[in-house]
Amino acid sequence: MELVDFSTSVWSILPPLLALGLAIITRKVLLSLSVGIVVGALMLGDGSIGTALTYLSDRIVSLVYSVEDQAINDSNVNIIIFLLLLGILTALLSVSGSNQAFAEWAQKHIKGRRGAKLMAACLVFVTFIDDYFHSLAVGAIARPVTDKFKVSRAKLAYILDSTAAPMCVMMPVSSWGAYIMTLVASLLAEHAIEGYSPFTAFMTMSALNFYAIFSMIMVFAVAYFTIDIGPMARHERLALEQAEHSEHVDAGKGHVRNLILPIIALIVATVAMMMHTGNQALVADGKAFSVLGAFENTTVGISLVVGGLSAVVVSTILILLAGNVSVSEYVKSYGVGMKSMFGAIAILFFAWTINKVVGDMQTGKYLSTLISGNLNAAFLPALLFMLGAAMAFSTGTSWGTFGIMLPIAASIAVNAAPDLLIPCLSAVMAGAVCGDHCSPVSDTTILSSTGAKCNHMDHVTTQLPYALVVATATTLGYLAVGFSHSGLLGFVVTAIVMVGAIFITKKRQ
């Protein structure tokens, strides 16, 4: 099937721009994504309805089944299964009374709303291996506690989202870190750069990833100082005025251990399976086992499914031992849990579809041409940050942005300003995470609102002001790096702007 080439046309940004704009204006995510998908399909089919329908049918089928490979699309299918398992686990924890027991325990040991928010933020230091895993697992753990202390679901979703990708992107022992190091290794080899190994280059890039670092700092500042910007203030006020959320009826008398043990099983089984699948890939390539090598070659989807199944099994055993849930309640929990995830799965399907459309429109390739080699090299880090953010915002994918923009950034920097190679690569990483945070079609954003059980567009609109504050400070920081070639000065400039913004916002409150 012949598709129209939009790689050099400004029209390539129309479908994602239309979908994002409508989502923000109408707050109807599925409708907005549908419009973007249909418009993109018609454009790619040169206005032919028949071609557009054939194209859409092929792309939708490819989400779950690859016709070329004659095989199931394991990645997407495993994520859907993991979502269903997390829904079941959440329902089991609820019907057994474990959530309530944990909330009551937390009320005794966590002093107030500040402690509840800080607890949710600190859990990222345990669940940083994958952003999907973090958003859903921490949401299940923290939601009963934040509900108990009347922290809004929007605030919890912000905490989940703004700690997930920023932490994962800076950690070498994570699915993100392994992926980026693979890309960096090929770039170092391609440009014959001998001063860095992939690991040392990654760690240096992480130290210069101002957006990720200060997004994390912002989360803890917001949690500790109660900084409510824009629409977040309304959601927090409503949460304080309303009665506690109730997610279950007739829950049995539960125990805290019945929540903690399944979550531990989830973490341990997921990490173990990541090591196992990574090691299998290393053995197949004739390589020796290493932790970093295993993470670099792991299969995240099946690892999450095994972790989810393990948690459900452990939760079931604990329920049987406690004897506080009837067979009918247990069986009913499966239906309730899976049903609770249908909304998120629907949004994910539509987001995946528009990502396919955006990829075929070659929106990323067009955006990457906007940087000209005639620009002053000092502006490169800041421009690459903004372009990376625009690309991730449009496409809804950090990983796709890494894949497109890191080679381009490396090529530009090697030829225009070799001393700025690492800052330029860091700026792309930072921009990708920033755009991912702001985009309604980002799967991490979708799963964070799912983990918090928050309305998706409420999460998008309440997180956006915080992301823009950090993005502004980051841009100024990268300008300082570009002109001074000093990462330390860039960090200091970003920190000063951030502290100033937090101080002014708090004073206004």
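In this predicted model, helix α12 spans residues 231-241, and its buried residues are M232, H235, E236 and A239. Viewed along the axis of α12, these buried residues fall within an arc of 100°, so they line one face of the helix. The cover over them is provided by several elements, including α6 (112-122), α8 (153-170) and α23 (456-484).

A second feature concerns the packing of two other helices. Two packed helices are described by the angle between their axes and the distance between the axes. For helix α17 and helix α22, the axes come within 10 Å and cross at roughly 175°. Angles over 145 degrees count as roughly antiparallel, and α17 and α22 are therefore roughly antiparallel to each other. The residues that make this contact are listed below by helix.

| Helix | Residue range | Residues in the contact |
|---|---|---|
| α17 | residues 342-361 | A344, I347, L348, A351 and W352 |
| α22 | residues 443-452 | D443, I446, L447 and T450 |

By class, the contact of α17 with α22 comprises seven nonpolar residues, one polar residue and one charged residue.

These helices belong to a protein with 24 helices and two strands. The C-alpha trace spans about 70 × 55 × 55 Å along its principal axes. A compact globule of 509 residues would have a radius of gyration near 23 Å, and the protein, with 23 Å, agrees with this. Buried residues make up 55% of the 509 residues. Among contacts with a separation of 6 or more, 79% are between residues 24 or more positions apart.

Conventions
Residues numbered from 1 in each chain as written. Predicted model: local features only at pLDDT ≥ 70, side-chain atom pairs only at ≥ 80, totals over all residues. Heavy atoms only, no water. Axes fitted to C-alpha atoms, helices over the stretch in contact; angles between N-to-C directions. Helix = DSSP H or I, 4+ residues; strand = E, 2+ residues; numbered from the N terminus. Parallel < 35°, antiparallel > 145°, perpendicular 65-115°, else oblique. Contact = heavy atoms within 4.5 Å. Nonpolar A, V, L, I, M, F, W, Y, C, P; charged D, E, K, R; others polar. Buried < 20%, exposed > 50% of the residue type's maximum accessible area, 1.4 Å probe, protein only. Arc of directions from axis to C-beta. Rg over C-alpha atoms; globule rule 2.2 N^0.38 Å.
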